[in-house]
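Hi,

Here is the structure I promised to pass along. Have a look at it first, and then read my notes below.

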Amino acid sequence: MSVTHAPQTADVLTRQDPELAEILLGELHRQSSTLQLIAAENFCSPAVLAALGSALANKYAEGYPGARHHGGCEIVDVAERLAVDRAKSLFGAEHANVQSHSGSSAVLAAYAALLRPGDTVLALGLPYGGHLTHGSPANFSGRWFDFVPYGVDAETGLIDHEQVRTLARTHRPKAIVCGSIAYPRHIDYAFFREVADEVGAYLIADAAHPIGLVAGGAAPSPVPYADVVCATTHKVLRGPRGGMILCGGELAERVDRAVFPFTQGGAQMHTIAAKAVAFGEAATPAFAAYAHQVVANARILAAALADEGIVVTTGGTDTHLVTADPAPLGVDGRAARGRLAAAGMVLDCCALPHADTRGLRLGTAAVTTQGMAEKEMERIAALLAGVVRGEVESVRAREEVRDLVGGFPPYPA
Ligand SMILES: *Cc1c(COP(=O)(O)O)cnc(C)c1O
């Protein structure tokens, strides 16, 4: 596959540093010749890649537009204002901070804006799909705050609302976090708002996964309900790797100060420019159609996997994300992932609400960007089940994957 974006840049790199250029081309080849089913990944556009590879990467810009600690920021100020304005209008938010280097940095800043070390926070427990930043002992969050985990129902896989309410009343948290790395259903933001109000807690929505669906009108927005919304720009939203925070006007200054100077230094202006490009793309009817197709594909994939005998958590999905237990096919998630990797099907393991073994987590954001639709989802499910059962040899499965993705190049020439 040829590199169609910034061909000159690629040529320059090939001439100057063939060793590294080879690595970049190898990764591009891997991405386009295997099946990308990692729920957190996507293919951003050539325009987004162009902004990432631009001269804005050279610019130091500590501070915010109009109030920088460095000279020469007059042009990058325009880029950041554009990104902020586009994010505000895309999500109907009063305030947007687009400087967070990642989703985790956005969550760190949200906590820094609202909490003090030692405060109690209610969040989805890690065994149920909470993110590292939701209280993992290996993460700053678990070290600096007192996290109380809520869970999902072992049978239905759905968030246990009664438990959330009871824990909130008992522990009186300073903040409640809703959001997950593996929850396939819409989150009831109104419910979380009601509980937060009852106990006087802030509501933080960590919408890193569904924010792209929100942008495309394919999932409910947390913006009207949460005090602070944290997000990534590189998942379904299809922008550059990075984070973002949305909030009301009254928290704007606290959030901005929590990002810079409290938890970050200079903003990455090339990434912010790329975020602006992605927000521009996400505001188009084509992106809304994409977001709805992502969900339609995930539903077909979930149903087809269930037809193969795989247990689909919650019985289906509302989003881009499917979590499933391959145990009825004779292997656990970890073994299944290994077999699938050998066949060129790239996905993750995840926790399962109903079992101690690991399950599989798949997403349809990347394959939908490539143009795949219902027919391909059915083909993927059949192939996946065949490989997991050990019926399809990995060499033959690898051929089939190559054949399938060959018709849907992520960066067509
Ligand atoms: C992906 C994700 C994050 C972290 O994003 P990074 O950019 O990897 O730091 C945080 N919270 C949730 C719920 C996520 O899904």
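A word on naming before anything else: helices (H or I, at least four residues) and strands (E, at least two) are DSSP runs, numbered from the N terminus. Residues are numbered from 1 along each chain as its sequence is written. Bear in mind that this is a predicted model, where local features need pLDDT of at least 70 and side-chain atom pairs count only at pLDDT 80 or more, while totals for chains, interfaces and linings use all residues.

Let me start with Cys-73, which sits in the loop between β3 (67-68) and α4. Is Cys-73 buried or exposed? The cut-offs are 20 or more other C-beta atoms within 10 Å for buried, 12 or fewer for exposed, and partly exposed in between, with C-beta atoms placed from the backbone. Cys-73 counts as buried because it has 23 C-beta neighbours inside 10 Å. Leaving aside residues up to four places away in sequence, Cys-73 touches Ala-61 and Arg-68; contact here means C-beta atoms, placed from the backbone, within 7 Å.

Next, the helix pairs. Two packed helices are described by the angle between their axes and the distance between the axes. The axes are lines fitted to C-alpha atoms, for helices over the stretch in contact, and angles run from 0 to 180 degrees between N-to-C directions.

Helix α4 (residues 74-91) packs on helix α11 (residues 269-282) at about 35 degrees, with the axes 8 Å apart. Their crossing is left-handed, meaning that the near helix is turned anticlockwise from the far one by less than a right angle (clockwise would be right-handed). On the α4 side the contact includes Val-76, Leu-82 and Leu-90, and on the α11 side Ile-272 and Phe-279 are among the residues met. By class, this contact has 12 nonpolar, one polar and three charged residues. For those classes, Ala, Val, Leu, Ile, Met, Phe, Trp, Tyr, Cys and Pro count as nonpolar, Asp, Glu, Lys and Arg as charged, and the others, Gly among them, as polar.

The second pair is helix α5 (residues 103-114) with helix α10 (residues 252-263), at an angle of about 115 degrees and with axes 8 Å apart. α5 passes α10 in a right-handed crossing. Leu-108 and Ala-112 of α5 are among the contact residues, as are Val-259 and Phe-262 of α10. The contact divides into eight nonpolar, two polar and one charged. While you are in α10, look at Pro-261, which is found in that helix: the peptide bond from Phe-260 to Pro-261 is cis, with omega near 10 degrees.

Now the ligand. It is surrounded by 15 residues, the closest being Ser-102, Gly-103, Ser-104, His-131 and Ala-208 (near means a C-beta atom, placed from the backbone, within 6 Å). α5 gives the largest share of this shell, three residues. The shell has four nonpolar, 10 polar and one charged residues.

Arg-172 is not a glycine, yet its phi is positive, about 45 degrees. Arg-172 lies in the loop between α7 (161-171) and β7 (175-178), and is exposed, with 12 other C-beta atoms within 10 Å. Thr-314 also has a positive phi, near 65 degrees, in a residue other than glycine. Thr-314 is in the loop between β11 (311-312) and β12 (321-325), and counts as partly exposed with 19 C-beta neighbours inside 10 Å.

Cheers

Note on methods: Contact = placed C-beta atoms within 7 Å.
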